[in-house]
Amino acid sequence: MNPRYLPLTATIAIFLIAYAVCIAQYPNMLSTRVIGNLLTDNAFLGIAAVGMTFVILSGGIDLSIGAVIAFTGVFLAVLLQATSIHPLVAFVLALAITTAFGALMGAIIHHLEMPPFIVTLAGMFLARGMAFVLSIDSIPIKHPFYATLKSAYYKLPGGGRITLIGGLMLLVFALGILIAHRTRFGANVYALGGGTATARLMGVPIGGTTIGIYALSGFLAGLSGIVFSLYTSAGYSLATVGVELDAIAAVVIGGTLLTGGSGFIAGTLVGILIQGLIQTYITFDGSLSSWWTKILIGLLLFAFILLQKGLIHVTDRRRRHA
Amino acid sequence: MSATLKAYAVRLFPQVAALAVILLMVSIAFPGFFRLEMQNGRLYGSLIDILNRGAPVALLAIGMTVVIATKGIDLSVGAVMAICGAVAAAAITSGHSLAMTLLITLGTGILCGLWNGILVAVLDIQPIIATLVLMVAGRGIAQLITEGAILTFNDAGLIFIGSGSLFGLPMPVVIWFAFGVIVALLVRRTALGMLIEALGVNRRAAMLSGVSTGVLLIAAYVLSGLCAALAGIIAAADIRGADANNAGLWLELDAILAVVVGGTSLLGGRFSIAASLIGALIIQSVNTGILLSGFPPEFNLIIKAAIIVLILVIQSPRAQSAFVFLSRARASEKKTAGEAK
């Protein structure tokens, strides 16, 4: 088997084994209701993680997404409370702002040649600060259109529901996979992650691709913010603190190499599902405390980093022998 | 000696000037800003407040400077603070003496640093990712120790570290200042600092020229862990309890920011602990200044972001080459003007 697929296979195997263990202990976890909730509860995280996967594939990092999600939520809530415009118009406005915001960060990273870490850190402060300036209260969203969107779902056999936001996450993942593997932009992202100098020699437009990647991440963070505001029916500037860490963890557990250039969008979906599964298990158990989630995710992160290190070591040795 | 002093002055000038401008701006908005009072043998005033509140970030910045100089980064310091605060509270409430508690807590910090250091130096994992593991899991571990509650304590000795005073200054100020001086002397009066810079510029070249890079790398992360432990003790002693959820939350970002404001490049190499400490004070002055001047605290983060962007622009390779170009152009203009005369 191509060693490229090994991390992805390991992630899927771990998910299936973990799910089997959960079912052995709590047979009710097999129901489509649990699966439907797993998708709905992690929809905003999943959508943001698709953007994060592209950023990490290119060898960068985006710390701003949690703050951008919160900003989008507050922006929508304030806009819908203060004016009478239709939520769909507000959605378009929010997406335009977050996409431009991401593109701006990409431009700074490329033109000022600064590390993405510190640029997106500034972006995180700025987005969170803008959310604070808009409002420090938790504002409810009571627009009837929100109720319509929330009540839209596809009923699975067994009583489970794929809600609009859960379905949207799956759609975003499908589009993400298409962009990564079937477009020139996707190939450019992989090339950039393999090494900037190499990519430049290959004729990859470095500047355009970098700006595109962070704009895409900003767009998806905005979309994630819309989904989060649908999920909670409110906008709050202190919400979704640290979501970028969950997203990074999901990407790594999904088998993407953090140095860039290797990995799969599909792996991130499984990474999200594994995190969701741990939380669901803890809810089912009832006696385990929530902090075990963090420790388990930390351990999983560590295990996958070691696995990737081992793989690189093995392929290097094979190449040397060949 | 005076040449060395001059070099220091040139190196620290931008940071000191920035700090002075910020303090002046705050004093315009808040007239009583520079007033100091002596009460019960301890100094009080806004300036002292900045030094005191800035203690955790200043301590973290010391370790972070050395780690960043090795071309690394330590994201786990906030979580390590939470772990160490929890360990200190748990140890003192279970009846250990103060000395023993401090020993256990500092040992925990060193252990956390050792873990990070081994991941980076021995397993050769990228620092951002290696320290991410402890950052994610650390808060969980801290909550495991405090069992999810805020663990309070009443030990006078431990509380003294957070709110006592020595030589008329609050204890946290004395601790970070003394620790900063010790570390700065240690790296600058020996060859250690130069070796760290060599390692940060090019690890392979440093190794080939005989620097034991592995040990140095681990030592840098251990120092960072130790700083986080000290900061964790101060944060816990200050509120007389260990809060696993909020102790040191996002302080790793403030510490990295302090180092960047201090002019140490994230790409490794040349570093200055004094400049990072001034960077920490700049951040704290902005925080305190916004509160004092009656500006809505909502703007705090936006101002911080603006400062980062400004510093990024000044420090970026493009801008640097532009500065060099401009100064050369000016120099050659002078030269031609002189020749014309």
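In the predicted model, helix α5 of chain B, residues 98-121, passes α11(B) in a right-handed crossing. The two axes come within 7 Å of each other and cross at roughly 145°. The residues that form the contact of α5(B) with α11(B) comprise 16 nonpolar and nine polar, with no charged residue among them.

Helix α11(B) is also crossed by α4(B), and this crossing too is right-handed. Here the axes come within 7 Å and the crossing angle is roughly 55°. On the side of α4(B), the contact is made by V77(B), V80(B), M81(B), A82(B), C84(B), G85(B), A88(B) and A89(B). The residues contributed by α11(B) are S224(B), G225(B), A228(B), A229(B), A231(B), G232(B), I233(B), A235(B) and A236(B). By class, the contact of α4(B) with α11(B) holds 13 nonpolar and four polar residues, and no charged ones. In general, a pair of packed helices is described by the angle between the axes and the distance between them.

Helix α11(B) is again a partner in the packing of helix α9 of chain B, which covers residues 192-201. The buried residues of α9(B) are G193(B), L195(B), I196(B), A198(B), L199(B) and G200(B). These buried residues pack against α3 (55-69), α8 (171-188), α10 (203-208) and α11 (213-239) of chain B.

Most residues other than glycine have a negative phi. K71(B) has 19 C-beta neighbours inside 10 Å and so counts as partly exposed, since 20 or more would be needed for a buried residue. R240(B) is placed in the loop between α11 and β6 (241-242) of chain B. With 16 other C-beta atoms within 10 Å, R240(B) is likewise partly exposed.

Considered as a whole, chain B contains 15 helices and six strands. Its radius of gyration is 21 Å, close to the 20 Å given by the globule rule for 341 residues, so chain B is as compact as a globular protein of that length. The C-alpha trace of chain B spans about 85 × 55 × 40 Å along its principal axes. Of the 341 residues in chain B, 47% are buried. Among contacts in chain B with a separation of 6 or more, 77% are between residues 24 or more positions apart.

Chain B also touches chain A, in a contact that takes 30 residues from chain B and 34 residues from chain A. Four helices of chain B each supply at least two residues of the side that touches chain A, namely α6 (127-146), α12 (251-261), α14 (300-315) and α15 (317-340). Of the elements of chain B, α6(B) gives the most to this side, with ten residues. The residues on the side of chain B that touches chain A divide into 21 nonpolar, five polar and four charged.

Notes: Residues are numbered from 1 along each chain as its sequence is written. Chains are lettered from A and ligands numbered from 1 in the order in which they are written. This is a predicted model: local features need pLDDT of at least 70, side-chain atom pairs count only at pLDDT 80 or more; totals for chains, interfaces and linings use all residues. Two residues are in contact if their C-beta atoms, placed from the backbone, lie within 7 Å. Ala, Val, Leu, Ile, Met, Phe, Trp, Tyr, Cys and Pro count as nonpolar, Asp, Glu, Lys and Arg as charged, and the others, Gly among them, as polar. A residue is buried if 20 or more other C-beta atoms lie within 10 Å of its own, exposed if 12 or fewer, and partly exposed in between; C-beta atoms are placed from the backbone. The radius of gyration is taken over C-alpha atoms; the globule rule is 2.2 Å times the number of residues to the power 0.38. Axes are lines fitted to C-alpha atoms, for helices over the stretch in contact, and angles run from 0 to 180 degrees between N-to-C directions. A crossing is left-handed if the near helix is turned anticlockwise from the far one by less than a right angle, and right-handed if clockwise.
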